[in-house]
Amino acid sequence: MAAAYPPSYYAASAKPFPRQPVLEGDLAADLVVVGGGYTGLSTALHAAERGLSVILLEARRIGWGASGRNGGQMIPGLRWGAKELVAALGEGRARELLLLANSAAGKVRGRIARHAIACDLRHGHFTAAVKPAHLDAMKRELEELDRLVGYPDGRIVEPGGVGEFVASPLYHGGFFDAGGGHLHPLNYALGLAEAALAAGVRVFEDSPVTALERGSKVVARTAGSTVTAAYAVLATDTEIGELDAAQGRMTMPVANYNVATAPLGAEQAAALLPANAAVADSKFVLNYYRLSADNRLIFGGGEKYTPAPPPDVAGFVRPYLERVFPQLAGVAITHAWGGMVGVSLNRLPRLGRDGNMLYAHGWSGHGVLLTTLAGELLADALAGEGRGFDLLASLPGRPFPGGPLLRHPLYVLGMAWFALKDRL
Ligand SMILES: Cc1cc2nc3c(=O)[nH]c(=O)nc-3n(C[C@H](O)[C@H](O)[C@H](O)COP(=O)(O)OP(=O)(O)OC[C@H]3O[C@@H](n4cnc5c(N)ncnc54)[C@H](O)[C@@H]3O)c2cc1C
């Protein structure tokens, strides 16, 4: 049956995008991409630009997964800071990795400009310190980042300056990154898909891949149809375990929820977030928020480690929103939705290669920027230019402990501990 987008503010404000056909028959290409989120779309687009014939198979709709439902926050860098990277990998590799990761924002802006993608792009990202100690850590981190790669986009905001970015009583300063920003996530995905179609990619929706057979060629099977290709790229993030059990053990789906308020009006919106930057706070289970183009507050907060969604998503998120913005008590919430964030054990992405199949997943809440870069690196690697791919693929990573039955309960325990630390 044809899939529909889950109801969200983004689905309600998506730009028109023609429904793509279901795969029928037996087709051939140089590359088959499985998954139509940012990772798959960026890979397909860049590979087609490099001259490969490309087929992209999406199980439901383009941007149906996290790419069409996320907070839209463009957060520069990796989840690990410069200090952690240097300690784990040494200065040389840390520097190379930071330069590569920091190039992601330029790639996204470049795509948006080149393909004229209307996705409400805005500039600036502010990380708000929930404790004075977090501000001290941000100062040390910026010093290290600047020393390693030079970072003119970053600036420390002392407690007295928080009001420049956010009207909340909770914060003790923060870190402003002019290289970050925010966008309408689904419209960015649909814009990438339009660009991919224009570059010659054949895109199929409602075409779940049920098996990937590997030999000298890869055969991707859907119900009754096949694509035979020299290479496959697996870009299914939280569902990667369905087609590759080993990679499935490296990424854990964690449910996360968002709401959109009714439009607040330009005056109230500007009073809440005067710089119109995206904001995320420094909690482990963080609150993150921004304004939409029509002046709604889009707010994400709280995580749930049990598979069932809360019966009332708006009611689940509201207390987090009202703690950050007491002045919005009782505000009308018009949309509430959730999605699965693919999280790796150490919060670093997993890129790799297994013969003629490449994969990339586990973005750990940093996927809006990194996936566009990663897609290009995957396509470059297929063309024999693997430097950037190899660098990201060399990041350390381990499977979640506990096997398929135990790993989720163990993870819940671990996360509950960190959530408790947030409250101390
Ligand atoms: C609520 C929420 C908020 C978030 N907020 C932010 C944020 O503010 N900033 C940020 O940087 N990141 C954020 N993220 C994370 C970010 O959205 C993801 O890292 C990113 O979208 C992952 O892109 P992807 O293409 O790898 O995966 P997805 O977008 O999940 O795409 C995978 C696609 O594969 C398809 N698929 C699955 N199985 C198959 C199959 N067998 N055959 C064919 N297709 C298949 C799915 O239908 C899906 O469309 C958030 C995520 C969520 C859920």
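1. Let's start with a loop residue: D206 sits in the loop that links β7 (202–204) to β8 (211–214). Strands here are DSSP runs of E with at least two residues, helices are runs of H or I with at least four residues, and both are numbered from the N terminus. The phi of D206 is near 50 degrees, a positive value in a residue other than glycine. D206 counts as buried, at 14% relative accessibility. Buried means under 20% relative accessible area, exposed means over 50%, and partly exposed is in between (1.4 Å probe, protein chains only).

2. A word on the model before going on. It is a predicted one, in which local features need pLDDT of at least 70 and side-chain atom pairs count only at pLDDT 80 or more, while totals for chains, interfaces and linings use all residues. Residues are numbered from 1 along each chain as its sequence is written, and side-chain values use heavy atoms, with hydrogens and water left out.

3. D237 is another aspartate to look at. Its place is the loop between β10 (225–234) and α8 (245–248). Phi is positive for D237 too, near 40 degrees, in a residue other than glycine. With a relative accessibility of 15%, D237 counts as buried.

4. Next comes T222, which belongs to strand β9 (residues 218–222). T222 is buried, and its relative accessible area is 8%. Setting aside neighbours within four places in sequence, T222 is in contact with L23, L57, S207, P208, V209 and T210. Contact here means heavy atoms within 4.5 Å.

5. Now for the hairpins. Strand β12 (residues 278–281) pairs with β13 in the antiparallel sense over two bridges; two strands pair if DSSP finds at least two bridges between them. The bridge partner of A280 in β13 is Y288. Along strand β13 (residues 288–291), Y288 and R290 point one way, Y289 and L291 point the other way, and all are buried.

6. G352 has Y359 of β17 as its bridge partner. Two residues lie between the strands of this hairpin, where G355 takes a positive phi near 65 degrees.

7. On helix packing, the axes of helix α3 (residues 82–89) and helix α6 (residues 132–149) come within 8 Å and cross at roughly 60 degrees. Axes are lines fitted to C-alpha atoms, for helices over the stretch in contact, and angles run from 0 to 180 degrees between N-to-C directions. On the α3 side the contact is made by A82, K83 and V86, and on the α6 side by R140, E141, E144, L145 and L148. By class, this contact has four nonpolar, no polar and four charged residues.

8. Finally, the protein as a whole. Its secondary structure comes to 13 helices and 17 strands. The radius of gyration is 21 Å, close to the 22 Å that the globule rule gives for 424 residues, so the protein is as compact as a globular protein of that length. That radius is taken over C-alpha atoms, and the rule is 2.2 Å times the number of residues to the power 0.38. The C-alpha atoms fill a box of roughly 60 × 50 × 45 Å, taken along the principal axes. Buried residues make up 54% of the 424 residues.

Definitions and conventions: Ala, Val, Leu, Ile, Met, Phe, Trp, Tyr, Cys and Pro count as nonpolar, Asp, Glu, Lys and Arg as charged, and the others, Gly among them, as polar.
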